[in-house]
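Here is a short tour of a model, written for someone who likes to know the cut-offs behind each number. Please have a look at the structure first.

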Amino acid sequence: MHKFWRDFATQRRVVGALLIREIYTRFGRQGLGFGWIVLEPLIFAIPVLLVWSVVRNPYEHGIALMPFLWSGYLPILLFRHVGSRMLLFVRVNAGLLYHRQVTIFDIFLARCLLEVISNLTAVVASFALFYGVGLLDLPRDLPMFYLGYFYMIWWAAAVGLIVGGLSERTEWAEKFWQPYSYLYMFFSGFLVLAVWLPDQLRGWALFQPSFQAYEMIRAGMLGNAVKTYGDPAYTGWALSVLTFIGLLLMRDSRKYLVAE
Amino acid sequence: MISAIDVVKEYRTEGRVRRAVNGVSFNVARGEKLALIGRNGAGKSTLIRLLGGVELPTSGTIEQTMSVSWPLALQGGFQGSLTGNDNMRFIARIYNKSFDDIKAYVEDFAELGRYLSEPVRVYSIGMRARFAFALSLAIDFDCYLIDEVIAAGDQRFHRRSHEELFEKRADRSLILASHMGEIIKSYCSRALLMHHGRGSLFNDVDLALQAYNDL
């Protein structure tokens with residue numbers, strides 16, 4: 001584990017360099033370049049959100065639909081993108097590990113950061129847009145909203161570590177990730193509030209960190225309008241355990257690495 | 001000093017275990033030049049990857065008290081979709097060196113001119129070799145790992161790379177995987193002959209080349 005806690009300055013420099021490299025490799029230097037970071041998720045999110053809001057009732061269970069969908073769909077995108085970017089990420093970046101100061105963790109951090117930055121810019125930009133046309137109000141409880149979104153980011157990163165680590169060991173990880181990341185939409189808590197569930201099911205659902213984080217995000221968006229069940233302490237513990245497992249898997253993946 | 005002690009590397013392919021490096025031990029002292037010889041598939045490149053630190057040995061240890069370069073090979077150390085300049089920027093950042101210094105050195109040595117602002121993937125093989133070579137020499141290492149790259153490039157590049165590597169950096173260590181007997185004879189003081197994953201160390205390079213030819 002000590003490898004992860006090397007000199008902070010070196011690590012910041014390395015992660016910064018990897019981040020810039022990642023941006024150039026993914027978005028190129030011609031045309032929009034860096035602008036795609038903002039636009040890519042927006043192109044994804046805005047049409048989907050608009051279609052959903054048209055085909056569904058504007059009020060479901062007495063809750064305004066747009067805040068519900070908006071705050072639910074962007075974390076889905078984050079989760080999917082982070083996970084997909086982590087598939088086999090050690091293998092495809094093996095060449096970077098010839099530079100001794102670069103660790104697997106740095107590469108992970110840079111990839112993850114780019115997705116998070118991209119997602120957060122989309123959150124701000126789409127909020128501004130929907131707020132401007134009157135489809136969204138400011139979150140009622142802003143700190144709670146931030147906390148929920150923070151947990152969402154942590155959850156996506158922790159799952160990314162696990163998926164990335166497993167994908168280096170077995171091809172099953174990659175095959176399972178595709179359907180899982182799609183079905184995730186239905187059991188992540190995106191489309192439900194815990195209060196709508198029967199007691200027994202609610203208990204199980206709330207084991208899932210994403211469900212917890214959604215509850216907190218909803219508490220933040222809707223305030224006292226709904227009863228929510230988010231438990232920040234439990235979520236923090238659960239995510240710590242998942243992160244620890246992910247780090248172990250990732251460290252282990254170094255053993256399986258075959259460079260070019 | 002680099003000391004490899006009883007290094008073993010195994011790969012698992014389709015459920016079978018293949019031992020690419022089988023209990024190899026050697027030392028490379030500061031300033032020493034070691035040749036790595038052997039047929040294709042004998043384990044030279046695996047050993048280079050282990051020494052480069054990108055793969056870990058299955059068992060045994062590799063201790064290093066000097067800085068070791070990334071392998072100077074055709075593909076080593078850069079990203080094809082990035083331009084030469086962006087690759088240099090990346091190297092400058094992670095090694096905490098000035099981009100201008102690196103650029104000046106690479107421009108002078110690799111003589112790629114305007115190609116530096118184009119993606120590396122459009123370079124010819126000779127240009128890539130020049131770029132990779134120049135970029136690794138732009139960073140100061142105690143020991144350079146070289147995987148056959150000297151064979152690429154034109155006459156002028158050969159002359160200049162020999163000058164840079166063997167004359168200006170005569171005090172540095174070198175681990176050189178090559179099939180070119182002449183280069184090995186003129187620069188290396190010892191040789192490690194790899195055969196089926198096993199390594200035999202020769203203090204006499206001529207004897208090593210003789211043994212290699214007799215394989």
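Two residues are in contact if their C-beta atoms, placed from the backbone, lie within 7 Å. On that basis, L222(A) touches I63(A), P67(A) and R140(A), leaving aside residues up to four places away in sequence.

A word on provenance: this is a predicted model, where local features need pLDDT of at least 70, side-chain atom pairs count only at pLDDT 80 or more, and totals for chains, interfaces and linings use all residues. Residues are numbered from 1 along each chain as its sequence is written, while chains are lettered from A and ligands numbered from 1 in the order in which they are written.

L222(A) sits in helix α9 (residues 209-222) of chain A; helices (H or I, at least four residues) and strands (E, at least two) are DSSP runs, numbered from the N terminus. L222(A) is buried because 21 other C-beta atoms lie within 10 Å, the cut-offs being 20 or more for buried, 12 or fewer for exposed, and partly exposed in between.

Now to another helix, α2(A). P41(A), A45(A) and L49(A) are its buried residues to look at, and their cover includes α3 and α5 of chain A. There is also a kink of about 30° in α2(A), centred on L42(A); the bend is the angle between axes fitted to the seven residues ending at a residue and the seven starting there.

| Helix of chain A | Residues |
|---|---|
| α2 | 36-55 |
| α3 | 65-86 |
| α5 | 104-132 |
| α9 | 209-222 |

Zooming out, chain A has 10 helices and two strands, and buried residues make up 38% of its 260 residues.

Definitions and conventions
The expected span of a helix is 1.5 Å times one less than its number of residues.
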